[in-house]
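Please walk through this structure with the text below. The account moves from confidence to a helix contact and then to the spaces between the chains' residues.

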Amino acid sequence: MTFSPVLFELALQFLTLSMLSIGGANAVIPEIHLRVVEVKHWMTDADFSQLFALAQAAPGPNVLIVSLVGWKVAGIAGALVSIVAMCGPASVFTYWFTHTWDRFREAPLRIAIQRGLAPVTVGLVLASGYVLTRTIDDSVASYAVTAAMLALAMTTRLHPLWGLGVAAVLGAFGWV
Amino acid sequence: MDTVPIASSAAHVSTGALFVGFLKVGLTGFGGVLPFARRMLVEQRRWLTGPEFNEVLSLAQFLPGPNIVNVSVIVGRRFHGKLGALAATAGLMLMPLVIVLALATIHAQFAHVDAVRGACNAVSAAAAGLMLSMGLKMGRAIERTPWQIGIAAVVFIAIGLLRFPLLWTLAVLVPISVAIAGRTR
């Protein structure tokens, strides 16, 4: 892997982005878009949308959008540099932090923080689900798919892939 | 390498099991991996209880970095320290990374095919429903006194309906929530 300025630039961008990504990868998608399309001019708006759709459709964490951006800019080396910059240092920090955190298992402040964060987390997850629904669903049929999957996941222990598979087939036939 | 034992019954999880468990999560996680991670950790393998998962995800969300990657680091560390964290994270990321890059190289030929686009949209719609179900399931696993329901509702309205910036919303609401939690024990 030869080291080029663009790889350094990618590493720098995603390293700073990872420090901002409190609340998860989806929370920084708008910021990634801003930097990649409008500040750096690495790709067009349409390119970015396609990469986003691809990262959503493929299995695996949504943060893989980062590797796709790197790939688009600088091939496989770009993909690897970007994903490592986005996940590596943050993971090391998380490891160190939880290590320290666990030593204070019985501390009243830690217990208060834990109890205080719990409802915020639930609100955030529900908000992500809502935002996803509003962003993606553009027809009565797609809302019905979202509602059906929600009902299925709440009431049965069926593997969600069954639901996603049926949705994919319906979508492929143009019924969603 | 000192690992802190956790309260759940499943204290014996091998590094290999961590790798395979998160590998499955990564490979099956379409449109967002967290619901699949919760299913594997809480409902299937029972490595964590519902409240333990909430605790892990709370931490993962408020630390920098992708949530699910943080979850794999925290869970891996609990069972096997550095090696566990590495095994879980590698299991989660490696295959999806290969797949998404392979897809990207062939995507150009298929992006315009209606059937492909239709299937992708429908899968995303279903995945949104899955994310909502995870939020509701997590809600069932926390204490539900009026203030906790109130905080969850305010967060949902601020981020979901009003689309306030995440960092500022959390900077205001987290201290409030922690302060109430500290006073109501």
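In sorting residues by class, Ala, Val, Leu, Ile, Met, Phe, Trp, Tyr, Cys and Pro are taken as nonpolar, Asp, Glu, Lys and Arg as charged, and the others, Gly among them, as polar. The model is predicted, so local features need pLDDT of at least 70 and side-chain atom pairs count only at pLDDT 80 or more, while totals for chains, interfaces and linings use all residues; side-chain values use heavy atoms, without hydrogens and water. Residues are numbered from 1 along each chain as its sequence is written, and chains are lettered from A and ligands numbered from 1 in the order in which they are written.

The mean pLDDT (the predictor's confidence in each residue, from 0 to 100) of chain A is 88, and 96% of the residues score at least 70. Helices are DSSP runs of H or I with at least four residues, numbered from the N terminus. Within chain A, confidence is lowest in helix H3 (residues 45-57), with a mean of 78, and highest in helix H6 (residues 140-155), at 95.

Two packed helices are described by the angle between their axes and the distance between the axes. Helix H7 (residues 160-172) of chain A packs against helix H5 (residues 114-140) of chain B at about 145°, with the axes 7 Å apart. Axes here are lines fitted to C-alpha atoms over the stretch in contact, and angles run from 0 to 180 degrees between N-to-C directions. Contact (heavy atoms within 4.5 Å) involves residues including Leu164(A) and Ala168(A) of H7(A) and Ala119(B) and Leu130(B) of H5(B). By class, this contact has 12 nonpolar, 2 polar and no charged residues.

On a 1 Å grid over the protein atoms alone, a cavity is a set of points where a 1.4 Å probe fits but cannot get out, a pocket is an open set with protein on both sides within 12 Å along at least five of seven lines, and lining residues have an atom within 4 Å of a point.

The largest cavity holds about 160 Å³ of space. Among its 17 lining residues, Ala153(A), Pro160(A), Pro35(B), Arg39(B) and Lys137(B) are the closest to its centre. H2(B) gives the largest share of this lining, 5 residues. The lining of the largest cavity divides into 9 nonpolar, 3 polar and 5 charged residues.

The second largest pocket is also lined by 17 residues, with Cys87(A), Gly88(A), Ser91(A), Leu86(B) and Thr89(B) nearest its centre. H4(B) gives the most to this lining, 9 residues. By class, the pocket lining has 13 nonpolar, 3 polar and 1 charged.

Definitions and conventions. Helix = DSSP H or I, 4+ residues; strand = E, 2+ residues; numbered from the N terminus. Points joined across faces, edges and corners; volume = space filled by probe spheres on them.
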